[in-house]
Amino acid sequence: MWNKFVATACIGSFFCLQLNACAGSRAAEDSSFNSDFVCGEKHLLWKAQKSGAPAVWLLGSIHLADSSFYPFAPVIDSAFDASTLVTAELDLNAENTMQETGMLMLEKGRLPQGMKLEEVLPSKLYNQVDSLSKAWDIPFEVFKPFRPWMIAVSLSAVAIERTGLSGEFGIDMELLSRAEDQQKKVVALETPAEQVNVFSNADDSLGIRYLENTLEEIAQADSFVMEIAKAWKCGDADWMRELLESDSSEDVYEEELYTKRNIRMAESIDSLSTLGEKVFVVVGAAHLVGKDDNVLKLLEKRGYMIEQW
């Protein structure tokens with residue numbers, strides 16, 4: 001349930017914004033270091049060094065967070081401040097990013113004209129969505145026009161927002177805002193269409209399985225989100241990996257959501273490193289700590305020395 005938010009920047013957050021479920025604003029600036037932040041000596045921050053090119057820094061993001069994630073550890077601030085180019089999955093500060101994402105979701109996330117949700121979902125699953133929407137005081141009519149994957153993403157977004165986390169405090173959102181303030185170059189690794197297509201290009205049968213798995217895991221949202229937050233603050237990559245791999249909701253989209261995207265990200269990061277810029281990368285933590293085909297492993301195969309900081 002969590003993976004889609006550490007892997008996909010905009011999709012769930014957009015729907016929450018439409019429901020007015022998001023809360024909070026950018027993290028307040030604070031020059032002091034939060035002593036509760038560090039559990040160990042490392043952070044979800046890696047240095048990738050290839051002979052003949054400047055080092056690339058990569059930070060695993062939590063796309064929905066809260067003020068307790070700030071301020072960053074000094075090593076993160078130092079690496080970011082020294083960078084000349086920042087790259088993220090999407091440039092969330094670009095004027096058209098959220099607008100384009102919203103339009104694509106409304107276009108591709110809707111059921112075909114004339115098709116009803118009760119004709120797509122098994123009756124048991126349909127009733128589960130109905131019951132959950134009532135429990136959360138969300139009109140069930142909101143979900144009825146949409147395909148199963150869109151409902152799953154939306155419900156997960158709401159579930160996480162209900163724990164107190166918000167896209168407004170997301171790690172990537174914060175760093176992109178800082179990049180804008182510091183007038184750094186910003187490059188997006190993906191387009192809104194590429195992210196939305198992960199789900200929209202698949203058959204509804206996969207979306208149904210995805211929705212079923214998501215509903216099963218929503219019941220554990222509070223404890224799961226708390227563990228994810230702790231793992232990030234502690235910089236514990238092994239713990240984060242263990243937590244993410246325990247989430248089965250996205251197994252049906254594994255190749256599109258992670259494998260193919262990781263390959264594209266690694267290729268793009270490698271290309272950016274040849275420009276002579278000091279590159280700082282912020283992408284969903286699952287792309288850095290996931291299975292053997294994660295971005296760090298792929299960069300290692302391209303000749304990079306990888307070191308966690």
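## Helix α11

The expected span of a helix is 1.5 Å times one less than its number of residues. In this predicted model, α11 has 14 residues and runs 20 Å from its first C-alpha to its last, close to the 20 Å expected at 1.5 Å a residue. After α11 comes G235, which has a positive phi, near 65 degrees.

Which residues of α11 are buried? They are A221, F224, V225, I228, A229, A231, W232, K233 and C234.

In sequence C234 sits 193 residues from E41, yet their C-alphas are 8.2 Å apart in space.

## The nonpolar core

The largest nonpolar core takes in 96 residues, and the ones touching the most other members are L58, I171, M240 and F280. Helix α7 (residues 148–161) gives the most to this core, with 9 residues.

Take M240 and skip its neighbours within four places in sequence: what is M240 in contact with? The list is L44, I62, I228, A231, W232, A285 and V289. I228, A231 and W232 also turn up among the buried residues of α11.

## Rings meeting rings

Searching the whole structure turns up 8 aromatic pairs. One of them joins F69 and W232, with ring centres 5.5 Å apart and planes at 50 degrees, so this pair is tilted. The partners come from distant parts of the chain: F69 is in the loop between β2 (56–61) and α3 (74–81), while W232 is in helix α11 (residues 221–234), 163 residues apart. Both F69 and W232 are buried.

For a stacked example, look at W149 and F199: their ring centres lie 5.6 Å apart, and their planes are at 10 degrees, so the pair is stacked. This pair links distant parts of the chain as well, with W149 in helix α7 and F199 in helix α9 (residues 192–200), 50 residues apart. W149 is buried, as is F199.

## Lysines over rings

The charged end of K233 sits over the F69 ring, 4.8 Å from its centre. K233 itself is one of the buried residues of α11.

Another lysine does something along these lines: K184 lies over the face of F80, 5.4 Å from the ring centre.

## Backbone spots to check

The peptide bond from Y70 to P71 is cis, with omega near -5 degrees.

D137 has phi near 60 degrees and is placed in the loop between α6 (123–135) and α7. Is D137 buried or exposed? Exposed means over 50%, and at 70% relative accessibility D137 counts as exposed.

Q183 has a phi near 55 degrees. Q183 lies in the loop between α8 and β4 (185–188), and its relative accessibility of 74% makes it count as exposed.

Methods: Residues numbered from 1 in each chain as written. Predicted model: local features only at pLDDT ≥ 70, side-chain atom pairs only at ≥ 80, totals over all residues. Heavy atoms only, no water. Core = buried A, V, L, I, M, F, W, Y, C linked by side-chain atoms within 4.5 Å. Buried < 20%, exposed > 50% of the residue type's maximum accessible area, 1.4 Å probe, protein only. Helix = DSSP H or I, 4+ residues; strand = E, 2+ residues; numbered from the N terminus. Contact = heavy atoms within 4.5 Å. Phe/Tyr/Trp six-rings, centres within 6.5 Å; stacked < 30°, edge-to-face > 60°. Lys NZ or Arg CZ within 6 Å of the ring centre and 35° of its normal.
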